[in-house]
Amino acid sequence: MRPDFVNKLTPLRFEPLYRRYLWGGRRLETILHKPLPPGNDYAESWEVVDHGGDQSVVAGGPLAGRTLHSLVRDFGEPLLGRHHPQNRFPLLFKFLDCQHNLSVQVHPNDEQAARRIPPDLGKTEAWLVLATTPGARVHAGLKPGVDRGRLEADLRQGLAERCLHSWEPQPGDCIFVPAGVVHALGAGLVVAEIQQSSDTTYRLFDWNRVDQDGRSRPLHITAGLDVIDFAAGPVHAQVPQPTTVDGCECLVACDKFVLQRWHIDGETKIDGADLCRILTVIHGRATLTGDFPNQTVSLGETILIPASCGELTVVPSEPTTLIEMHLP
């Protein structure tokens, strides 16, 4: 039976979904305090996801065991507020530990991804750098003057790096990567990423890596070249923009999501605005209070605030930084 009578939800915590890839490590545990199983290749922790078989599952409370997709289906209006209805939760939030270079990639936009079989959303994303090691770089966009012919020639010769705009980010830098922009995260970075709920990726270059059997991972050069926005040019760190609320700055505001950063050293109110919000603590510890049981959130923890929760108050136990993500 569909519980349509429910008109109010409380904040939701989900079990993280860990992804193991050759470029991962263990800094999701050492930096973000994630309780990882044994192994040295934990690359991603998917904190909020509703994408086919990849589902966030409620960790506790009366809705324990429910998938995020089932919540969108059965509690759409109290969950999503003014963005109801949706076929699925349209954002995906994750942490990444880039112990080694990620492949050079590009993602299609919504129109291009809709023509795939099966169809998907496009993938616009943003990274917030949480930690770096000396010399760690991001590759974001192409150098001025790089066109399709030049990039294709360098890709097929294994020389893609000389086409890429790259630089050394600092903790706190935010990089906005719209669909169609060539990009790669470099070895040594730990980042938080907000993106459209899509897993459509074209791998253009994999740093000439091979596995223990001498095999390289598949590349998608032709498909990738077809979706690249060659007019986009180099990508630089975002310039944070002040908002009308003390302690809150906007890092990205695009047609797919809004990413804000809050610096909190005293009791702070966050307006409900009939929005569903993803909140993640990236420094410190705080208690969320409101018309729901108090929720304490610490470094590396993520909580989904349904629209029906309304206004909430953040009470820090120490100076705390959190990021907030929602639909525009």
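A pocket is an open set of grid points with protein on both sides within 12 Å along at least five of seven lines, and its lining residues have an atom within 4 Å of a point. In this predicted model, the largest pocket is lined by 22 residues. Tyr21, Glu44, Gln105, Asp199 and Thr201 are the lining residues that lie nearest the centre of the largest pocket.

The volume of the largest pocket is about 410 Å³. Several strands contribute to its lining: β2 (17-25), β3 (42-48), β7 (91-98), β9 (125-131) and β13 (183-185) each give at least two residues. The largest share, 3 residues, is supplied by β13. By type, the lining of the largest pocket holds 8 nonpolar, 6 polar and 8 charged residues.

The protein around this pocket can be described next. Its secondary structure consists of 6 helices and 25 strands. Along the principal axes, the C-alpha atoms fill a box of roughly 60 × 45 × 45 Å. The radius of gyration is 20 Å, which agrees with the value near 20 Å for a compact globule, because that is what the rule gives for 328 residues. Of the 328 residues, 54% are buried, that is, they have under 20% relative accessible area. Among contacts between residues at least 6 apart in sequence, 73% join residues at least 24 apart. The accessible surface comes to about 14,300 Å², and carbon and sulfur atoms account for 50% of that surface.

A cavity is a set of points where a 1.4 Å probe fits but cannot get out, and the protein has 2 cavities of 30 Å³ or more.

The largest cavity contains about 50 Å³ of space. Its lining is made up of Leu80, His83, Phe89, Pro90, Leu91, Cys276, Ile278, Met325, His326 and Leu327. These lining residues divide into 8 nonpolar and 2 polar, with no charged residue.

The second largest cavity has a volume of about 30 Å³. Phe93, Ala126, Trp127, Leu128, Ala192, Glu193, Ile194, Leu259, Ile323 and Met325 form its lining. Here 9 residues are nonpolar, none is polar and 1 is charged. The strands β9, β14 (189-196) and β25 (320-326) each supply at least two residues of this lining. Strand β9 also supplies at least two residues of the lining of the largest pocket. Met325 is listed in the lining of the largest cavity and in that of the second largest cavity.

Methods: Residues numbered from 1 in each chain as written. Predicted model: local features only at pLDDT ≥ 70, side-chain atom pairs only at ≥ 80, totals over all residues. Heavy atoms only, no water. 1 Å grid on protein atoms, 1.4 Å probe; cavity = no way out; pocket = protein on both sides within 12 Å on 5 of 7 lines; lining within 4 Å. Points joined across faces, edges and corners; volume = space filled by probe spheres on them. Helix = DSSP H or I, 4+ residues; strand = E, 2+ residues; numbered from the N terminus. Nonpolar A, V, L, I, M, F, W, Y, C, P; charged D, E, K, R; others polar. Rg over C-alpha atoms; globule rule 2.2 N^0.38 Å. Buried < 20%, exposed > 50% of the residue type's maximum accessible area, 1.4 Å probe, protein only. Contact = heavy atoms within 4.5 Å. Areas by Shrake-Rupley, 256 points an atom, 1.4 Å probe, with all protein chains shown as cover.
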